[in-house]
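Biologist: Can you walk me through this model? I'd like to begin with the ligand and then go to the sheet.
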Amino acid sequence: MLEYLESLNEPQRQGVLNTDGPCMLIAGAGSGKTRVLTYRIAHLIQSKNVDPFNIMALTFTNKAAREMRERIEKVVGHEARNLWMGTFHSVFARILRAEGHHLGYPNDFTIYDTDDSKSLIRSIVKEQGLDDNIYKANTVYNRISAAKNRLISWSEYLTNAELMGDDAANMRPEMGKIYKIYATRCFKSGAMDFDDLLFNTDKLFKEHLEVLNKYQHRFHYVMVDEFQDTNLCQYFIIRKLAAVRQNICVVGDDAQSIYAFRGADITNILNFERDYPDLKVYKLEQNYRSTQNIVNAANSVIKRNRAQLPKNVWTQNEEGNLIELIKAVSDNEEGRLVASSIFEERMQHQLKFSDFAILYRTNSQSRAIEESLRRMNIKYKVIGGLSFYQRKEIKDLLAYLRFSLNQQDEASFRRIINLPKRGIGDSTVDKIVVAANDHGTSIWEILQNPSPFVGGRAAAPIEDFVAMIKRFSMELGRKDAYEAAFEIAKGSGLLRELYEDKTVEGLSRYENVQELLNAIKEFTDTPDREDRSLGAFLQEVSLVTGQDEDKDKDPDKVTLMTIHMAKGLEFKYVYIVGLEEDLFPSQMMLSSRADLEEERRLFYVAITRAEKRLYLSYALSRYRFGRLKNCEPSRFLDDVDQRFIKVSSKYAGIESAPPPSSQYAKNLVNGIKKTISSAPVAKAKPAAYTPPADFIPSDTSALQAGMKVEHPKFGFGTVVLMDMSGADKKAKINFNEAGEKTLLLSFAKLRIV
Ligand code: ATP
Ligand code: MG
């Protein structure tokens, strides 16, 4: 038997070998769905001589696609590079780059990220004289996104607002109009937002049957991982693509559907059975990932949901340890307990930091955890925080690159027209945009002959700007992406401006821009790359997500991320933190039973990431929205069958902890510090300071040596020294009670007194 077939159980093998015809694999977490998909592709190439160019495989993240490709490469060699494999967004962007002209888009269309989209919406709301409290950019963006994902165009929206089943008709009557202006402006800018990549692919295939036909014949096999999280638009597209050959294989787990809030539709699974009557369905029930205790605990949780397909997930793996529950008095305490547990487990079992993951419901929870990890010198990485590509200086240079490629791009234009400063103010910019809209022409047209619209003083700098962009645009034809980008960074004056800024922040911005240029160099230097143009590079970076940026030189780090980001991944040790009512299940998401069930599926996803050990934790008090709040343990803790869980014995005594403000709680905290004192925790003197309940941190950007500050835990102190040398500003503070501490300003909550 072929080697890769030996490492599969019987139903998995069937899933790999039966390559033709529609097929669905709905199976529990860790049962090898992704593995089946990977080997199925390898098998098609290796044994059935299918050309990788004829295979489309859609994954949830680019990183998942990369990992799959690497595994396939082990079986079939370099050919694996030719697969059409990636996220829905990246694969469809590739198709649109080749075919977008059918819809009137330039081939080098710009991809707007969420920020670009929201600022465009903000300016539309302003131009229309609407109340930006009612028409919040975020709300409008989400409404438009939801419409597109349900394939509702602006014209349908306008004529049928109740389609959305929301308040569009009464509370926000202008929503449809904003949608129309937004869509028109994006189109005129030669730009697509993330949802357009799906919406327009569907449109392309609907309106241009010859194009659809071409791709139907190109893709002999279509495969989708994490099928439970596809939305209607995605489903329609893959169904169209597979309509001729019907070789479509989807894998997923209804119990892990966690994107309903973004329009993912679990009924796609049911539709699939209806749409393909001769569907082969494979069931996988054996879990290879986790211990028995973890599998059983996960089963006991998901059983509480009413809506689910029947499944019996079991494992032959060892029974393993019981799940441990860590109870903490505060969020900081929780961070400390988790950090010291990682420290001990790693020593005891000779693990790597990379064997550990800490999962939370919302990004903001990482702060307290990070602080504790840093104190214990535990290396970690936060996945999905502010991404490199979201930084201002990076977006600035990218905007220059985008505008040099596509002079219709309004968002990029707004960003760079006065950067570095060249005396073109906001009102001039507004005049140009308005003139372009009034005359039904493009911004670029107006820029070439601005005098009728703008004041005399702005004309000369605009002329220089236009000449510069024309020069850049010409360079693009002659040079590869790196050479062109370097010319643009230099020629625009951006590099010089950053170089001349000798502050620490300026230096770090300069380095970031250099880093972007390095990334472009790496891109052009990649062997076998078909397209080395700047357009190809920009398309790739536009679709980079937080999870993909993991190019860390030192891979041995604890991973911190939200549960949504953790989908499909696995770690030996998993800590799920913040299991408190209102936080998880999230108060903001909870308005119906369906919402609660989605939150519970999220909990199920989190539990099933763990291979060997699982820790759950909660805190009795936590800073939320700048205030200290008392918390109650999450209802989800009661969902876990108590046979599989125990209270962590390492920190005994904490069960009966009263509310955190009492003296008892404080002694308890100090007691815990003692029990973990073998670990290098920062030495804090017993605190006589009582944290105020209504502590509101100040803006510390102007903090200077000599200033007096208050910290919610360390009390009052004086700033001794400011350290601006690293990427993060630090302050050395001498606290009256707690002694000298060096705090990172981006994390420390300080009130200037
Ligand atoms: P999820 O629902 O979390 O996406 P999944 O069903 O995709 O999980 P995989 O990630 O494919 O599951 O597999 C889980 C783990 O079990 C992986 O480490 C995989 O290598 C391993 N595994 C799967 N099948 C087998 C098998 N037959 N023999 C040994 N290990 C296996
Ligand atoms: Mg998987």
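**Ligand shell and sheet**

Biologist: Which residues come nearest to ligand 1?
Modeller: Gly32, Lys33, Thr34, Arg35 and Tyr288 do, out of 18 residues around ligand 1. Keep in mind that this is a predicted model.

Biologist: Which helix gives the most to that shell?
Modeller: Helix α3, residues 33–46. It contributes three residues.

Biologist: How do the shell residues divide into nonpolar, polar and charged?
Modeller: Ten are polar, five are charged and three are nonpolar.

Biologist: What does the UniProt annotation "binding site" cover?
Modeller: The entry, which is unreviewed, puts that label on Ala27, Gly28, Ala29, Gly30, Ser31, Gly32, Lys33 and Thr34.

Biologist: Is Ala29 buried or exposed?
Modeller: Buried, because Ala29 has 25 C-beta neighbours inside 10 Å. The cut-off for buried is 20 or more.

Biologist: And what is Ala29 in contact with, beyond four places in sequence?
Modeller: Asp253, Gln256, Asn287, Ala298 and Thr608.

Biologist: Now Thr34. Where is Thr34 found?
Modeller: In helix α3. Thr34 has 19 C-beta neighbours inside 10 Å, so it counts as partly exposed. Leaving out residues up to four places away in sequence, Thr34 touches Asp225 and Gly568.

Biologist: Switching topic. What is the strand order in the open sheet of seven strands?
Modeller: β13-β14-β12-β15-β16-β11-β19, and the pairing is parallel.

Biologist: Which are the edge strands?
Modeller: β13 (380–382) and β19 (645–647). Each of them pairs on one side only.

Biologist: By how much are neighbouring strands turned against each other?
Modeller: By 25° on average, with direction ignored.

Biologist: Back to β19. How many bridges join β11 to β19?
Modeller: Three, and the two strands run parallel. Strand β11 spans residues 323–328. Ile323 stands opposite Ile645 in β19.

Biologist: What lies across β11?
Modeller: Helix α15, residues 331–349. It also lies across β12 (356–360), β14 (558–562), β15 (571–576) and β16 (610–619). Helix α15 runs at about 155° to β16.

Biologist: And which strands does helix α16 touch?
Modeller: β12, β13 and β14. Helix α16 is residues 366–375, and it packs on the sheet. Its direction makes about 160° with that of β13.

How values were computed. Residues are numbered from 1 along each chain as its sequence is written. Chains are lettered from A and ligands numbered from 1 in the order in which they are written. This is a predicted model: local features need pLDDT of at least 70, side-chain atom pairs count only at pLDDT 80 or more; totals for chains, interfaces and linings use all residues. A residue is near a molecule or strand if its C-beta atom, placed from the backbone, lies within 6 Å of it. Helices (H or I, at least four residues) and strands (E, at least two) are DSSP runs, numbered from the N terminus. Ala, Val, Leu, Ile, Met, Phe, Trp, Tyr, Cys and Pro count as nonpolar, Asp, Glu, Lys and Arg as charged, and the others, Gly among them, as polar. UniProt positions are given in the numbering used here, feature names are shortened, and annotations may be inferred rather than shown by experiment. A residue is buried if 20 or more other C-beta atoms lie within 10 Å of its own, exposed if 12 or fewer, and partly exposed in between; C-beta atoms are placed from the backbone. Two residues are in contact if their C-beta atoms, placed from the backbone, lie within 7 Å. Two strands pair if DSSP finds at least two bridges between them. Axes are lines fitted to C-alpha atoms, for helices over the stretch in contact, and angles run from 0 to 180 degrees between N-to-C directions.
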